[in-house]
Amino acid sequence: DDYSLRDDWLIREKRFRSNKILSKLGNTDFLQALTLLATWARREQQLKNGVSPDEATAISCKRKDILNLTLEEYLKWADSLTTGFERSAKFIHMQKIFSHRDLPYTTQLIPLAAILTILKDKEDNDGVRSLLAQWYWCGVLGELYGSAIETRFAKDFSEVLVWINKGVAPTTVIEAAFNPARLQTLRTRNSAAYKGIQALLIRTEAQDFRTGISIDDLSYFDEAIDIHHIFPQDWCIKQNIPASRYNCIINKTPISAKTNRIIGGNAPDIYLTKIEKSAEIDSNRMDAIIRSHVIEPALLRNDDVEKVWQEREKALLSIIEDAMGKSVLRSWSNSEDTFSEPEEPDDEI
């Protein structure tokens, strides 16, 4: 009767608020992850006591299961789960996602934190972390955490643990698929896959056009990094290129705000020359920087929109395949009506 769940959460919330990844984590997120752990522990104990798998408690984190939590269960798991969430933020950071704004799905932190609570130091093993990364990117790029997710929380939590212990791959990894046509329709931060591809580009050690410093280093030091147009919006409008094309992620890449202001609305051959002169970069070095964004320098310097986009689309699909650990079916629908998302103001400054 003297225990205050609210006061306990306020203490934990203070720890999370100082973490850029966990800053928006809510108390219900924490309780859902804790319920996964509590129901898992109940099930494990019942199985040890001879209860059949069909009759044992199901692993779940739905509202009714949260309401069935006992204080004893809460106290048993709360501290280790807090560490589990902090471990999840470290894992996310290693995927080159540096803030909650860039996080594809807050919801995916729930099973991830529960998994890491059970794994503890085992997550430090490279093989285990590779499996976790494949599961994570399948969830993001397969866009599987957008709705009806409580069931997926429970399945992923239990199935990823089995997978790590030499079992079969989880349903999320098996089911995840990326439609190449999606690259044509990813235009804003409303999409988890949009944020995910931004992180994957940073993982390729993309360097800022002007400074030559890797984007992840600039992000670490709180530089204003965002994903901006390669062929600038104003220039594309003058070339009568439709907004649906120049605003898609194929024509965007992470660079600093300062660099983007130098680019302005100029054609690539003009802004690259301008950057080389102002930043004292020779052409060979500039070409290497451009390649770090999976862009072919000669094509970009020739303002060859179509060839740049064709080659970059292939390169982005290869990066996606590598992250998901599976091939992308190149013959999927090319219709822009396949996907829809609400538009936000464009990132271009």
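At what angle do helix α6 and helix α18 pack, and how far apart are their axes?

I first noted the basis: this is a predicted model, in which local features need pLDDT of at least 70 and side-chain atom pairs pLDDT 80 or more, while totals for chains, interfaces and linings use all residues. Residues are numbered from 1 along each chain as its sequence is written, and side-chain values use heavy atoms, without hydrogens or water.

**Helix pair.** I looked up α6 (residues 126-141) and α18 (residues 305-324); they pack at about 130°, with axes 7 Å apart. Because of that angle, α6 is oblique to α18 (under 35 degrees is roughly parallel, over 145 roughly antiparallel, 65 to 115 roughly perpendicular, the rest oblique). From α6, A133, Q134, W137, C138 and L141 meet I320, A323 and M324 of α18 (contact: heavy atoms within 4.5 Å).

**Cysteines.** I searched the whole structure for disulfides (cysteine sulfur pairs within 2.5 Å) and found 0. For C236, the closest cysteine sulfur is that of C248, at 9.8 Å, too far for a bond. C236 has 0% relative accessibility and so counts as buried (under 20% relative accessible area with a 1.4 Å probe, protein chains only; exposed is over 50%, partly exposed in between). C138, one of the α6 residues that meet α18, is likewise buried, at 0%.

**Helix α4.** I then followed α4, 24 residues long (71-94), which reaches 34 Å from first to last C-alpha, close to the 34 Å expected at 1.5 Å a residue. A kink of about 40° in α4 is centred on A78 (the bend is the angle between axes fitted to the seven residues ending there and the seven starting there). After α4 comes K96, with a positive phi near 70°.

Technical notes. Helices (H or I, at least four residues) and strands (E, at least two) are DSSP runs, numbered from the N terminus. The expected span of a helix is 1.5 Å times one less than its number of residues. Axes are lines fitted to C-alpha atoms, for helices over the stretch in contact, and angles run from 0 to 180 degrees between N-to-C directions.
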